[in-house]
Structures are given as structure tokens and as C-alpha cells.
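This report goes through a single protein model together with its ligand. The sequence and the structure come first.

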Amino acid sequence: MSRSAHPAGPRHADVLPEGHYSAPPADLNALDPKVWAQTVERDTDGVVTVGGRPVTELAEEYGTPAYVLDEADFRARARAWRTAFGADADVFYAGKAFLSRAVVRWLEEEGLNLDVCSGGELATALSAGMPAERIAFHGNNKSAEEIERAVRAGVGRIVLDSFQEIVRVAHIAESLGRRQRAQIRITVGVEAHTHEFIATAHEDQKFGIPLAGGQAAEAVRRALRLDGLELVGIHSHIGSQIFDMSGFEVAAHRVVGLLKEIRDEHGIELPEIDLGGGLGIAYTSDDDPREPHEIAKALSEIVTRECESARLRTPRISVEPGRAIVGPTAFTLYEVGTVKPLDGLRTYVSVDGGMSDNIRTALYDAEYSVALVSRTSDAGPMLARVVGKHCESGDIVVKDAFLPADLAPGDLIAVPATGAYCRSMASNYNHVLRPPVVAVRDGQARVIVRRETEEDLLRLDVG
Ligand SMILES: *Cc1c(COP(=O)(O)O)cnc(C)c1O
């Protein structure tokens, strides 16, 4: 990062719109079904409803900002993944995208399994009744205490991330008189994000054990020697927000290559491979994600083909979508506080939340869309930037968006596709209270995660 002075502005004077949003949409009142949850529509008064409930009522009852989650949409997406992969594969929902006890129950009912990566996520899963054998425990630095809890609970698998962890988990399991089912996470030299992937010779990241240099093969050798472990498979997760299947193709090729090496060296065929998550969703109308059945078909064809050419039995496949299930199911409902036109530049629209409820724009330069939802408008488009209330100029929720030019304080606007990595990454920056998650279904709304209170904040501050 440059230390020299630069023109003021959150993006180094990036004040002009990028090509992306160069033309306003034809109809500012339209709600693109690609980015909104499936029950979202406008009623005859122009108010947006979800699950049959107008957002104006939800705002009145639960306040703003609020994450509003379409339960029917969540269940439909979970079911679509489950159905697409069928009985010969497992779908593990990645809990880190968004986890609450209600969500765990929906997943349990819809036949999905669950990934957790901390003691807190494990506690949430178990307390909501997810059977332990349907839980996988991930992470690159699980504590001994977390491992012990997971083994005692009887989790279906622990994903081993390092040589030290192989020994640690084996030792803990053995001391508890258990044999823990485990997979080894490897890095296959593929990194995929959105439309691109890169295949590199070495891996410069904290997760997994590199396939390169025979390290993964050595990890397998060690795991197979330890009585506390039952090694059932190999795990690979290549990135996030991926639309292009070619990264998975290279990853599957390399994972199957390792399975073949294992067969040749040890005379065993590991029964499982996990290809991770990272499947993309539409944040704006420009994104074109694939349907779960297309992804399932592509992945299973890739793995079957690779296994046939390696003359291996096709292992049981698992996948770990997080964002692709919960991302599109929720939107964040905000009230507009101020509207500040900057001549010749754009209009800054301040909402009652910001980077504390959605850090993704600041953290990853993520793109979002936004709509006026408490009414329709016939006004022309104005180029806007939706910003929060935090003491930070990088506190941007939607970088470039067109909103109706008559937008005014008191209007409700909503940012769709905020179900994943928003509440789960929410912070208390500026001692702002984290918003509630309100689930709506069939005309009924209920709070599944309540709004934080000042009392909650002060409870942790013991003076
Ligand atoms: C984050 C993560 C996922 C889920 O990623 P999404 O982009 O939400 O699908 C799956 N598996 C592992 C190991 C992860 O770290």
C-alpha cells in the first residue's frame, strides 16, 4: 500500500463509476429474481414483500437494519442441492456462511450434513440437534479442547489440516478409546475465484497439506499408521465465488491421482473424496451462477472419468456449499438516514448499518445491488453509493448502484444476497449493535437471531 499522499476518497479518488454500472437498469423498480430470494415480490402498493410480509411491517416490528431471511427459499436451495447430488453423495452445508439453531434444524430436516470449524459452531450444531455423525469438523488450528469435544460427541469426520494435527487428533481419539473417522485436506495447486482459476506449482496459503513434493502422500502414510484414526478420504477446497468448473476439474484430477498413488503404495482405495465448496451466486444481475443439478452432473462426470482412467472404484463424493445455499436467501433491510449529492460525482446514501453488518465490500471489494423497497418510484436514476454510519470512509455497503433520484430519508432500501458471510462476519465496530435475523415463511415472521442490545455489549465489559 502506498504511503504517499493521495486524493481523498475511500478508493483513492475512485470517484467515477466503473464500466460495470455504466448504464442504469431499464426499470429501477424491477427485482431481478437472480439476486432476490424466491418469494420476494412487490405488492399492489409497490411495497416489497417476502414470504407474504411487507418490508414496511417488518421494519416497524423488528426495526432496521435487519437481515430478512426467506425460509422457503433456504429450504428449496438446500433441497435442490440434496436432490441434485442424490443418494451416492453428501452435501455438507458450510456453517461459517451463516449458522443459527433454526438453520441447523432446517438442514437436518432437509437431509443435509453440516461443516463446522470452531467450538462455537460445533456447540450450535449439537444444541440444535444435528446428529454428530452428520457433522464434519474443519479448521487449520483446532484446539486440543475442541478436538476432544468433537471426538467425544462422535462427529462423522475431522478434516486433518497439518502433520501436527494428524498426530494430535490420533492421540486424543486414542486416549478416549476411539477411532476417529478423518479426511486429509490437501492443497492441489489450484486456486479459483469467480471466473478464473490459477494452477500453480506450489501453495502459498495456510490451509491443507501440499500435494507437491510428496507431502500429501507422506501425510497419508502417517495417518494410516495411527490407531486413533480411520482415514476415509481426501479433501480439497479450491476457493470461493466460483462460476467456472475447470478449477474443480484440475482439482479432481489431482485428488484422484493421489488416490491412485495410495492404492499403489498401500493397497487400499480410500472411499471418499470431498471437493469443498465455493460455488458462486449472483450478487448483481451480471453474475450467472449454475444450478445445483448442473454442478452435480459436472462434478460426478469429472470424478467418474478420472477414476475410470486411473482404474479406481469411484469414491463417494461430498461437496460443501455455504454461500450457494444461504447467500441468496436473505437481504439486509436498511432505513435511509441521509442523502448527500456530490455535484458531478454521485450521491452518498447513508443507512443505519454498514461495515459492521456487511464487511464484504470493504474486505473483498464485493459487489452488491440495492433497491428501494418501501415504495416504487417514477423518478429517474441517480448514481449512488450506499454507505454506513461508521467512522471510516471505507464503510461502503454498495459501491456503485442506481437508485431513484427522489430517494429520501425514511425510505427503506434493501441489499439482496446478504445471507452468507454478513451476519456471520458482523462486528461491533463503533459499538454498533448487530442486527437481528428475521425468518419469514408463509406470512409468518419470527426472529431467529435477536438484535444485540446495549446490555449485551455492557455485559462483556466488566469494568
Ligand atoms: C468456506 C468453505 C466452504 C464454503 O464456501 P462457500 O464459498 O460458502 O461455498 C466449504 N468448505 C470449506 C473447507 C471452506 O473453508
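This is a predicted model: local features need pLDDT of at least 70, side-chain atom pairs count only at pLDDT 80 or more; totals for chains, interfaces and linings use all residues.

Residues are numbered from 1 along each chain as its sequence is written, and side-chain values use heavy atoms, with hydrogens and water left out.

**Ligand site**

The ligand is surrounded by 14 residues, the closest being Lys96, Gly278, Glu320, Arg323 and Tyr421. From Lys96, a polar side-chain atom lies 2.6 Å from a ligand oxygen atom. Glu320 places a polar side-chain atom 2.7 Å from a nitrogen atom of the ligand. Gly322 takes part through its backbone, with an N or O atom 3.0 Å from an oxygen atom of the ligand. Taken alone the ligand exposes 380 Å², and the protein buries 92% of that; these areas come from the Shrake-Rupley method with a 1.4 Å probe, and for residues only the protein chains shown count as cover.

Tyr421 also has a positive phi of about 60°, although it is not a glycine. The residue sits in the loop between strand S22 (412–416) and strand S23 (437–441). Helices (H or I, at least four residues) and strands (E, at least two) are DSSP runs, numbered from the N terminus. At 11% relative accessibility Tyr421 counts as buried. Buried means under 20% relative accessible area, exposed means over 50%, and partly exposed is in between (1.4 Å probe, protein chains only).

**Salt bridges**

A salt bridge is a side-chain nitrogen of Lys or Arg within 4 Å of a carboxyl oxygen of Asp or Glu. The whole structure holds 35 of these salt bridges.

| Salt bridge | Closest N and O atoms |
|---|---|
| Lys142 with Glu165 | 2.5 Å |
| Arg222 with Glu218 | 2.9 Å |
| Lys399 with Asp365 | 3.4 Å |

Lys142 forms its salt bridge with Glu165. Lys142 lies in the loop between S7 and H5 and Glu165 in helix H6, so the pair ties together parts that are 23 residues apart in sequence. Both Lys142 and Glu165 are buried.

Arg222 and Glu218 are 4 residues apart in helix H7 (residues 215–225), which separates them by about one helical turn. Arg222 is partly exposed, with a relative accessible area of 34%.

Lys399 belongs to strand S21 (residues 396–404) and Asp365 to the loop between helix H11 (360–364) and strand S19 (371–372), so this pair ties together parts that are 34 residues apart in sequence. Lys399 counts as buried at 9% relative accessibility, and Asp365 as partly exposed at 38%. Elsewhere, salt bridges that share partners join Glu71, Arg75, Arg79, Glu109, Glu110, Arg441 and Asp442 into one network.

The backbone oxygen of Lys399 is reached by the side chain of Arg385 at 2.9 Å. Such a polar contact is a pair of N or O atoms within 3.5 Å; within protein, one must be able to donate a hydrogen and the other to accept it, and residues adjacent in sequence count only if both atoms are side-chain atoms. Arg385 is in strand S20 (residues 381–387) and is buried, at 1% relative accessibility.

In helix H5 (residues 144–153) the buried residues are Glu146, Ile147, Ala150 and Val151. Seen down the axis of H5, they fall within an arc of 130°, so they line one face of the helix. The arc is that of the directions from the helix axis to the C-beta atoms. Their cover includes helix H4 (119–127), strand S7 (135–137), strand S8 (157–160), helix H6 (163–175) and strand S9 (180–187), where contact means heavy atoms within 4.5 Å.

In H7, Ala216, Ala217, Ala219, Val220 and Ala223 are buried. They cover an arc of only 155° around the axis, which puts them on the same side of H7. H6, S9 and strand S13 (229–235) are among the elements that cover them.

**Other backbone details**

A cis peptide bond joins Thr64 and Pro65, with omega at about -5°. Pro65 is in the loop between helix H1 (55–62) and strand S4 (66–70). Gln241, in strand S14 (residues 239–242), has a positive phi near 50° and counts as buried at 10% relative accessibility.

Notes. A residue is near a molecule or strand if one of its heavy atoms lies within 4 Å of it.
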